[in-house]
Amino acid sequence: MSLRFGWSFTIGAFLLVLASISKSSHAARIVVGDSQHWRFGFNYSDWALKNAPFYQHDTLVFMYDPPSNTTFPHSVYLLKNLRSYLACDFKKAKLVGNVMQGGGNGLQFALKKRKPHYFACGERNGVHCKFGLMKFPVLPKRRCHA
């Protein structure tokens, strides 16, 4: 192998690694439900599976209209664990977005920790969650830097 080829190969490999680092090091802004936003009647568990993987430091954006005569109220809760998620038990859940916070640019939730996050709508005693549609889990992965 010639010295010139060796250097060209090394520089090319370095540039590929550098490109993958810059591409993968940016956190994403992800609208939950895409164009459907956060609404009753859409299967968010399927959506999450199709849009996985999610990464640490990505931001989920929940967009929903404030309650009115024509829209149901929605909220965003972070459920404590898998058991509370499966049962739609909101007793120890944390409210992260009330019925008014989804308008405009939406409610933003940064996935800061690499741990399971269980999201659900808690309105009407959790009935939207209990139908099995307005809830989804996320387990953010570490973003690859090389």
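**Exercise 1.** Which residue lies over the face of Y85?

*Solution.* The model is predicted: local features need pLDDT of at least 70, side-chain atom pairs count only at pLDDT 80 or more, and totals for chains, interfaces and linings use all residues. Residues are numbered from 1 along each chain as its sequence is written, and side-chain values use heavy atoms, without hydrogens and water.

Step 1. Apply the rule: a charge sits over a ring if NZ of Lys or CZ of Arg is within 6 Å of the ring centre and within 35 degrees of the ring normal.
Step 2. Read off the residue. K135 lies over the face of Y85, 4.6 Å from the ring centre.

**Exercise 2.** Classify the aromatic pair of Y85 and Y118, and say what the pair ties together.

*Solution.* 
Step 1. Set the cut-offs. Rings of Phe, Tyr and Trp (its six-membered ring) pair if their centres lie within 6.5 Å; planes under 30 degrees apart are stacked, over 60 edge-to-face, the rest tilted. This rule gives 14 aromatic pairs.
Step 2. Classify. Y85 and Y118 are 5.3 Å apart, centre to centre, with 35 degrees between the planes, and the pair is tilted.
Step 3. Y85 is in helix α3 (residues 82–87) and Y118 in strand β6, so the pair ties together parts 33 residues apart in sequence. Helices (H or I, at least four residues) and strands (E, at least two) are DSSP runs, numbered from the N terminus.
Step 4. Check burial. Both Y85 and Y118 are buried, meaning under 20% relative accessible area (1.4 Å probe, protein chains only).

**Exercise 3.** Describe the surroundings of L60.

*Solution.* 
Step 1. Locate L60: strand β2, residues 59–62.
Step 2. Check burial. L60 is buried, at a relative accessible area of 0%.
Step 3. List contacts (heavy atoms within 4.5 Å). Beyond neighbours within four places in sequence, L60 touches I30, V32, F54, L107, Q108, F109, L111, F119, F136 and V138.
Step 4. Compare sequence with space. L60 and Q108 are 48 residues apart in sequence, yet 5.7 Å apart C-alpha to C-alpha.

**Exercise 4.** Find the ring cluster that includes F54.

*Solution.* Follow the ring pairs. They link W38, F42, Y44, W47, F54, F62, F109, F119 and F136 into a cluster. Three of these names recall Exercise 3: F54, F109 and F119 are among the contacts of L60.

Conventions: Buried < 20%, exposed > 50% of the residue type's maximum accessible area, 1.4 Å probe, protein only.
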